[in-house]
Amino acid sequence: SKTDTVKAEQYTSSKEEKRTEYFGLAKGRNLVLISMESTQNFVINQKVDGEEITPFLNSLIKDSFYFDSIYDQTAQGKTSDSEFMIDTGLYPLSSGSVFVRKPENVFHSLPKILKEEGNFYSSVFHGNDSTFWNREQMYKSLGYDKFFSKKDYEVTEENSVNYGIKDIPFFQQSAAHLAELPEPYYARMITLTNHFPFLLDEEDKLISEPKTNQEVVNRYITTVRYQDEAIKTLFKKLKEKGMYKDTMFVLYGDHYGISEKYEVGIHQLLNLEKSPVQHAELQKVPVIIHIPGVGGKTFSAPGGEIDIRATILELLGIQPENTLSFGHELFTRNSDHPVIFRDGGFITENYVYIDNVCYEKKSGKPIEESACGPFQEKVRNELGLSDEILAGDLLRFMED
Ligand code: GP9
Ligand code: MN
């Protein structure tokens with residue numbers, strides 16, 4: 001009901017609304033998001049047998065805002081959950097995907113805000129079938145003007161692997177489509193090659209496989225390396241076409257790639273000890289914001305994928321009245337505010353709460369439950385409000 005909307009509005013607008021020194025740094029630019037399939041943060045600045053896994057991203061980071069402590073907050077909706085959080089600033093559902101279960105709801109989404117505030121044209125680029133994750137229908141609800149899916153690409157057996165078109169031809173063809181769009185545009189490009197079970201043709205293996213006892217992890221290193229090369233190709237193409245300078249690029253890992261079952265391979269690769277806190281720390285995904293001509297800086301305060309939208313809006317210099325969302329811009333985000341997981345677990349600057357156990361982050365040791373207590377109510381409240389918004393389709397009451 002409308003009363004529930006008011007309750008959610010009160011909560012979300014009680015967040016501090018202050019502008020940071022980063023406000024408007026990318027005002028007037030196009031926005032290109034790159035959703036990096038299954039990309040975990042541990043691959044960044046990491047070498048295997050002396051070779052970098054992500055040489056291009058590592059060099060890009062030097063001239064970017066790099067957030068190295070952002071946690072995967074997706075649930076069963078995987079890629080679609082990450083897309084949902086970025087476009088709405090709401091939490092995913094505890095079971096199933098919002099894309100599949102709530103496509104008829106009204107959303108005050110990023111494409112709509114960008115259209116209202118800056119007349120942006122919004123589009124998504126992805127090589128899979130348009131119906132996967134119910135994207136075709138959901139993108140209409142979210143206010144996208146155009147979805148370039150499998151049928152818009154030249155897909156052959158030669159240029160495909162695993163789920164479909166390989167990332168290099170995908171980005172090459174996407175750049176041509178992008179060049180045709182009206183400006184300013186918001187484009188989200190979703191990679192595909194670095195997807196379980198991480199298959200790759202011999203000629204695309206640009207790094208030698210490590211020798212952990214987990215084949216999945218060994219292959220993962222090669223598909224991440226290939227994806228890195230593909231992103232490099234996109235940047236090169238956009239530079240050639242004169243489309244680089246006027247754009248803000250936001251690159252993020254959508255969720256983990258190596259599940260707990262195979263994680264021992266990462267432990268071997270990085271010389272880590274298995275522990276609950278270590279597992280939580282491996283759920284970090286890279287977030288890289290590259291604004292050509294604007295310098296680089298690394299931010300290490302904890303945050304989540306749900307905070308990406310607020311960060312983008314801050315940089316574009318857009319501050320909508322009340323967005324009914326749960327994100328905080330990542331530049332000054334209070335590191336004591338929990339990064340909330342769908343199952344009720346959370347991470348703060350000093351504590352990790354997983355499977356109903358409270359850990360001290362630094363030592364990785366379980367500590368008395370009461371240390372996590374103050375955050376638990378906040379977590380329940382926030383997830384509950386987000387769920388109410390989805391269940392009651394409450395955002396429709398915000399529409400004028
Ligand atoms: C499918 C791709 C992968 O189109 O986005 O989906 P995932 O399995 O990672 O959710
Ligand atoms: Mn995915």
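The tour below goes to the ligand and then to the cavity.

This is a predicted model, in which local features need pLDDT of at least 70 and side-chain atom pairs count only at pLDDT 80 or more, while totals for chains, interfaces and linings use all residues. Residues are numbered from 1 along each chain as its sequence is written, chains are lettered from A and ligands numbered from 1 in the order in which they are written, and side-chain values use heavy atoms, with hydrogens and water left out.

Select ligand 1 and then the residues around it, which are Glu37, Lys78, Thr79, His126, Asn128, Phe132, Trp133, Arg135, Leu192, His195 and His255 (each has a heavy atom within 4 Å of the ligand). Next, show the side chains of three of these residues: a polar atom of Trp133 lies 2.9 Å from an oxygen atom of ligand 1, an N or O atom of Glu37 is 3.0 Å from an oxygen atom of the ligand, and a polar atom of His255 lies 3.1 Å from an oxygen atom of ligand 1. On its own, ligand 1 has 310 Å² of accessible area, of which the protein covers 95% (Shrake-Rupley method, 1.4 Å probe).

Now turn to the one cavity of 30 Å³ or more that the structure holds (on a 1 Å grid over the protein atoms alone, a set of points where a 1.4 Å probe fits but cannot get out, with lining residues having an atom within 4 Å of a point). To find the lining of the largest cavity, select residues including Gln73, Tyr91, Phe326, Arg333 and Glu382.

Key
1 Å grid on protein atoms, 1.4 Å probe; cavity = no way out; pocket = protein on both sides within 12 Å on 5 of 7 lines; lining within 4 Å. Points joined across faces, edges and corners; volume = space filled by probe spheres on them. Polar contact = N/O pair within 3.5 Å; in protein donor to acceptor, adjacent residues only side chain to side chain.
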